[in-house]
Amino acid sequence: MIEILLVLALPVAGAALLALVGHRAYAPLVNVVTSMLTFVASAVLTARVIEQGPLLVMSKQFLVDPFNVFLVALTAFVGMTTAIFSRPYMRIEEQHGRLTPARLRLYHSMFQLFMFTMLLALTTNNVGILWVAMEAATLTTVLLVSLYRTPASLEAAWKYFILCGVGIAQALFGTILLYFAAEKLLGAGGGALLWTELNDVRASLEPTVVSLAFVFLLVGYGTKVGLVPLHNWLPDAHAEGPTPVSAVLSGLLLNVALYAVVRCKVLVDGALPDAFAKNLMVGFGLLSVVVAALLLSRQKDIKRLFAYSSIEHMGIITFAFGIGGPIANFAGLLHMTVHSLTKSAIFFAVGHAAQKTGTQVMDEIRGLVTISPMIGWGLALGALAILGMPPFGVFASEFLILTTAMREQPWATPFLLAALGLAFAAVFSKVQPMVFGETNAMRLPVRPAMIPVFAHLAIVLMLGVWIPPFLADWYRSAARLIG
Amino acid sequence: MSAIPLGHQLINLFAAVLLLLAFAMLSQRRVVSLVDLFAAQGLVLAMSTAVVAYTTNQPHLYESAALTLVLKVFVLPWLLYRLIRRLDVRWEFEGLINIPTTMLIGIVLVVLSFNLALPISELASTVTRSTLGIAIACVMLAFLMMITRRKALSQVIGFLAMENGLLFAATSATYGMPMVVELGIALDVLVGMLILGVFFFQIREQFDSLDLKHFEQLRDDE
């Protein structure tokens, strides 16, 4: 129990401290140390779950089971590496005159609060609190997206707030309906919103109400996942916000939102005799993959390119959970992990590349590898990994998803394959000239932090060839849970 | 014919007033009056929650009513008035669709909402189940207002009105959500409003207005 409390309390304490002391020279370091401590706490929590099995503590308000434990660790890990990356990155931004100390103070404290909201969303057992935390995650990032105060970033933040706000309101209605269905069986009061309690009685939940609830929940949380046609906010928010924010939005927030959808799906699957929830997810997932792949080739801004790639990958994961069954779910969970690591690594490299060349327009970024081999190779390898080249982990998960799709939903396979091919052509043809060829990059005033990029890519590479046994066990038992 | 108890009549009356207020908001073009209407909606919502609490003997609903009263009638309108004064916004210009057409679309939405509510309210055992349709209609109308308005502030009031409608839906379908969740929602709304306050000043500083027509630059093909 103490571990969960620590995981949640550390980011809050960090946020309060960073807001109080303001922007000092040591503030980025405080940010890094807080994130590291959070990661250590989550590692201890993980070790405990490995040892003693699922945790259900504090009058059942918090739940850590195989499904969310690896997401907690992943969130804390990417939070830590992002904090490490953002230290030199934000210093360069400050020296370029794009940020003031007041805004950096806002950035650091909001970053920690954002970590808190995501960890709360992951660990809570209460479907209502899950909603509250998801909404809070939007609120903490709105001001981060508009951190540069440029017209475009303000527009992006406004779009983000309104679209996700409306979306999340739908999810609230879905939650109310879920409570409505549960309250008949479990009685009024807090118990009727606890996921574990709901899961116990899921077979007797009223099917009409639950299916209606799922539509609202899927649309609501799906907006935050970035599912087409609710994805409009995503490329703007990713492109206009500072790069560390793009990295955590893409690598973490989308995962957490999808986690919320899947938790709800488990309940709905139990209540309905047919595959209603699964079909909806297959449909939305496939649509997202195809539309995002088509839009990839039209992108000119490098961060928008990878934002669309995130939509594509979220679509693949949603599709996998939609198919269901042990293999597809396993692949979906693995894909969540590797996508999160790879995409944040790419954003780290992209951030420094954009700083070196002073632009996010891909046509103007050339020959990164000549002036800075680390950034160039980081971007190239990251792009290859995200495109599903073996032996990276993305290949393994995509391969599993495709082979299951061939068996379960054969009609969808050609669309998936075509979309993956298109995405490969689009991204590879854009990344290749950016990495190689004549250069136009300049020297940076501060050494960029490239360790996070290669650490992430190394883990993705490892997951492609060897998955640690405990992780495979979790994936398997979580896959059983998801059904 | 058995007489309907006074409590139920009151709840139905309040529900009708809420719907009326939602339509009034849809047709109102002065931003200050929009806030007045929003505060009135909050007041009606709080009163109806209190009546439900009294007739059904659900003490936790009193807390919910008090929370609504403080937040929706005092704190949020006060924040909004302050924002309006300091930002000096008075009029909403003609929206994207003119007001009579918006009202007609609104009526269609109300009919749709009642249809949507039908299967749920048949299953509900609460005395307030007949008002669920109205609650969904309020949500839809607020949504319509958000779509048709161009001023950032009107969109936000629409957003808050939508949240009112959802709370009303929760009260009529299930006698309210558990307290911890309601508190969390209230906190989110309050923090959201404060953040938006900051955000409005950023928008104004950048564009010299809160008109969202300036917001048409982010396109894929640029």
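**Exercise 1.** Determine the handedness of the crossing of H11(A) and H17(A), and state which residues make the contact.

*Solution.* The model is predicted, with local features needing pLDDT of at least 70 and side-chain atom pairs pLDDT 80 or more, while totals for chains, interfaces and linings use all residues. Residues are numbered from 1 along each chain as its sequence is written, and chains are lettered from A and ligands numbered from 1 in the order in which they are written.

Step 1. The crossing of H11(A) and H17(A) is left-handed (the near helix is turned anticlockwise from the far one by less than a right angle). Helices are DSSP runs of H or I with at least four residues, numbered from the N terminus.

Step 2. H11(A) contributes Val282(A), Leu286(A), Val289(A), Val290(A), Ala293(A), Leu294(A) and Leu296(A); residues of H17(A) in the contact include Phe415(A), Leu416(A) and Leu422(A). Two residues are in contact if their C-beta atoms, placed from the backbone, lie within 7 Å.

Step 3. By class, this contact has 15 nonpolar, no polar and no charged residues (nonpolar: Ala, Val, Leu, Ile, Met, Phe, Trp, Tyr, Cys and Pro; charged: Asp, Glu, Lys and Arg; polar: the others, Gly among them).

**Exercise 2.** Describe the side of chain B that touches chain A.

*Solution.* Step 1. Contacts link 37 residues of chain B with 39 residues of chain A.

Step 1. Helices H4, H5, H6 and H7 of chain B each give two or more residues, and H7(B) gives the most, with 14 residues.

Step 2. The side of chain B divides into 26 nonpolar, seven polar and four charged residues.
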